[in-house]
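Biologist: Please take me through the terms applied to this model, setting each value against its definition.

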Amino acid sequence: MKLTSRRNVDDVVAMLKKELAKTVADAADYDASLDYRLLLIQTIHSCASQFPEVAASVVELFLDSIAEFGASSATDAIVFIREVAEKFPDLRQGIVSHLVSSFLDFKAGKVMRGALWILGEYAETPDEIRQVWARLREAIGELPLLAAEQRELDAAAAAPSAAEGPEKSEPRAPAASASRRILPDGTYATESSLTAKAVDVSALKLDSKPPLRAVLLHSDFFTGTVLASTLTKLVLRFARAAGADDEQQANSLRAEAILIMAGVIRIGHSAFVATPIDEDSYDRVLACIRALEYMDEDSEVLTEAFIADTQRAFSRLVKGEVKRAAEEERQHNDENAVQVDDAIEFRLLAAAKGAGAESAEDTLEHDIELATGEAEGRAAVSKLDSVVQLTGFSDAVYAEAYVNVNQYDILLDIMVVNQTNATLRNLSIEFSTLGDLKLVEKPTSYNVAPYSFSSVKASIKVSSTETGVIFGTIVYDGPSVNDSHSIVLNDIHVDIMEYIRPARCDEAQFHSMWTEFEWENKVNMSTTKEAAENLDLRAYLQHIMKATNMACLTPENALAGDCGFLSANLYARSIFGEDALANISIEKPTDDSPITGHIRIRAKTQGIALSLGDKISAAKIVDTEATERHGDQNPLYIELNTRLVKLLNPSSDILDRLSATAVLSALVDIDSLEDKQRFRITQQTKSLLAGSDMTISNEAVGIYQKLIQKRWTPVLSSVDTEVNRCLEWLGSERNEVRRMTALRVIEVLCSSSSSLVSLYSYVSKIFASLSNPLRDQRSEVR
């Protein structure tokens with residue numbers, strides 16, 4: 001589409017027409033051609049929107065083939081036809097004529113609703129109104145509604161009765177049931193109910209009925225409301241255009257319209273439909289009946305409401321879409337505009353050495369950033385902003401990491417500094433991840449000299465859009481044989497905003513995805529009066545859009561005006577092709593009221609829905625005191641975590657470390673812990689398992705067993721890592737404490753194997769690793 005211009009648009013549309021005709025003719029592979037046909041229709045729609053000169057030929061193609069399209073393709077086609085009818089008044093007469101001739105071939109309710117709206121809006125002359133009315137009467141069938149259905153039902157009920165004979169042909173009275181109830185004053189009363197037999201609609205043969213009648217009998221009352229509105233518009237327009245000459249026919253159309261609308265309500269309250277009419281549809285049809293009832297008294301007001309206001313509303317909607325597209329094109333041109341006298345650089349012609357090669361390398365890097373969409377705002381950002389401190393300055397080993405998120409990969413460049421006067425042997429960094437993150441290669445071990453440093457690189461693969469967490473532990477051996485230490489690293493959080501990009505889709509696609517996606521996350525929004533004092537609803541919407549990196553699909557003219565309520569649809573797409581939908585509904589009744597409401601997020605995967613919900617929760621505008629009372633800003637939790645880190649230090653006294661295990665065991669019993677606190681407790685427990693003291697390891701195994709029983713997410717997601725570590729300790733570890741710990745951890749995992757599905761893939765490895773411990777000289781090992 002980017003290569004299409006006014007010179008070749010005719011050829012492009014002609015080619016797309018041929019492909020569309022092939023999908024209609026190819027009935028053998030219907031399912032495969034359905035998606036292709038929908039894509040072709042959307043592309044043709046885009047061509048006609050950008051180049052209006054081809055709209056006439058495209059509309060003619062759609063009108064000739066719309067009856068042969070599927071439901072989704074025909075819906076997109078009817079939406080395009082409606083837009084063209086508004087933009088090009090000269091084509092309205094031909095559009096109305098084509099829709100009248102092909103209306104009986106429509107089967108889907110969405111297509112019928114679009115066609116009814118177009119016919120009611122653009123059939124203006126008395127002759128056009130007569131043609132439309134005659135076609136609608138054919139699509140509705142016999143009047144009054146339900147008369148023919150009742151006769152069919154009576155005939156179907158009479159046939160088996162005649163076959164059974166006169167003795168069994170008498171109809172059975174409905175069964176009455178009585179029950180005794182106790183009144184508020186303590187006395188008894190008998191309550192009787194009459195049970196009516198349900199109507200068997202299988203004998204009605206709905207597929208053979210006229211299309212509009214069949215849709216109504218299938219409980220599609222939204223189409224019934226559109227039909228009522230269309231009939232009201234036609235009657236009002238005919239009465240105004242015909243004048244006194246056709247007053248009798250106008251009254252006839254008016255009476256017939258009221259009869260049809262009353263039949264729609266009657267169908268909704270009958271036993272012929274599976275679902276009764278909803279309250280909104282009932283009120284809408286009833287409002288149309290009353291409008292025709294008082295048409296003589298309030299003709300001007302009703303004409304303004306039903307005809308003029310609807311035309312202006314749709315015109316504003318179309319103009320808003322055109323304005324938005326023009327604004328996006330202008331921004332795109334401004335971003336890519338260059339001066340006429342600017343030099344053009346050709347990377348392939350740059351010199352192989354010297355400054356030219358350096359310039360070529362910079363250009364290549366710039367092209368990669370443009371291709372990945374990361375160029376914006378990155379020029380002024382230093383690498384220091386992406387550095388994460390992993391350990392404290394007082395730890396024996398200081399570590400910090402430069403985190404480079406490059407679409408599908410996360411590259412960690414970790415600098416490790418030995419702050420002791422002893423050589424650290426076998427220093428390695430063990431990583432574990434939460435979410436759809438996978439460590440590509442385990443970092444190798446190093447020997448770090450006193451007061452020297454080393455660089456460790458690790459690559460982590462990202463497979464889906466969700467907030468991930470990377471945990472790590474530095475493990476190293478001291479000068480002596482059994483001198484083993486470990487340091488728990490700070491968590492590295494991968495922001496979901498690195499993968500989310502604003503995107504756009506039409507209304508039909510949004511509603512289709514909203515119905516299809518099963519994961520929903522509802523986030524309640526509330527601000528304080530102080531925070532909302534100088535903030536209106538549209539500014540709050542912009543704040544949420546900026547925080548979530550989502551685009552607003554609701555047109556600007558729909559959000560315009562001064563109102564105490566706002567509702568809008570948001571949409572974004574990840575670099576992995578995953579869609580994220582959101583609907584925001586907020587209100588601010590008065591100027592001094594807080595902003596309240598909620599945001600509903602829907603996605604195909606649970607990770608996106610939860611991650612976006614967390615992002616929105618963090619972006620809430622509240623007062624400072626309320627923020628400090630939650631999460632890691634809680635002073636009590638900060639103090640507790642600081643003391644735990646000190647107690648868990650390998651150089652601490654054995655009694656201090658036992659105290660820390662008691663505190664960890666007590667924290668596990670608290671059900672109100674946040675996810676981040678659970679992650680940290682899990683990591684601290686794993687660091688205790690890697691210790692060299694048997695008493696501490698036994699306590700750590702007990703805590704680990706409680707974590708498994710409580711099914712904490714950080715523990716369940718790292719079962720594979722823990723099993724591999726235990727198998728490694730059993731196979732090559734010389735530290736007897738670690739070997740005993742590995743056996744006890746495997747025992748805990750096996751006792752909970754019914755809830756750990758991933759453990760079954762390690763059964764053979766576990767049995768193989770137990771051969772040596774079974775032959776051990778010590779009985780406690782055996």
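Biologist: Why does glutamate 304 count as partly exposed?

Modeller: This is a predicted model, in which local features need pLDDT of at least 70 and side-chain atom pairs pLDDT 80 or more, while totals for chains, interfaces and linings use all residues. Residues are numbered from 1 along each chain as its sequence is written, and side-chain values use heavy atoms, without hydrogens and water. Glutamate 304 has 36% relative accessibility; buried means under 20% relative accessible area, exposed over 50%, and partly exposed in between (1.4 Å probe, protein chains only). Glutamate 304 is therefore partly exposed.

Biologist: What makes glutamate 304 and arginine 312 a salt bridge?

Modeller: Their side chains meet at 2.5 Å, N to O. A salt bridge requires a side-chain nitrogen of Lys or Arg within 4 Å of a carboxyl oxygen of Asp or Glu, so the pair qualifies. Glu304 and Arg312 also belong to a salt-bridge network with Asp309.

Biologist: Why is arginine 113 called buried?

Modeller: Its relative accessible area is 16%, so arginine 113 falls in the buried class. Its side chain forms a salt bridge with aspartate 220 (3.3 Å, N to O).

Biologist: How do you know how H6 and H10 are oriented to each other?

Modeller: Helix H6 (residues 109-122) and helix H10 (residues 221-242) pack at about 15°, the angle running from 0 to 180 degrees between N-to-C directions of axes fitted to C-alpha atoms over the stretch in contact. Angles under 35 degrees count as roughly parallel, over 145 as roughly antiparallel, 65 to 115 as roughly perpendicular and the rest as oblique. H6 and H10 are therefore roughly parallel.

Notes: Helix = DSSP H or I, 4+ residues; strand = E, 2+ residues; numbered from the N terminus.
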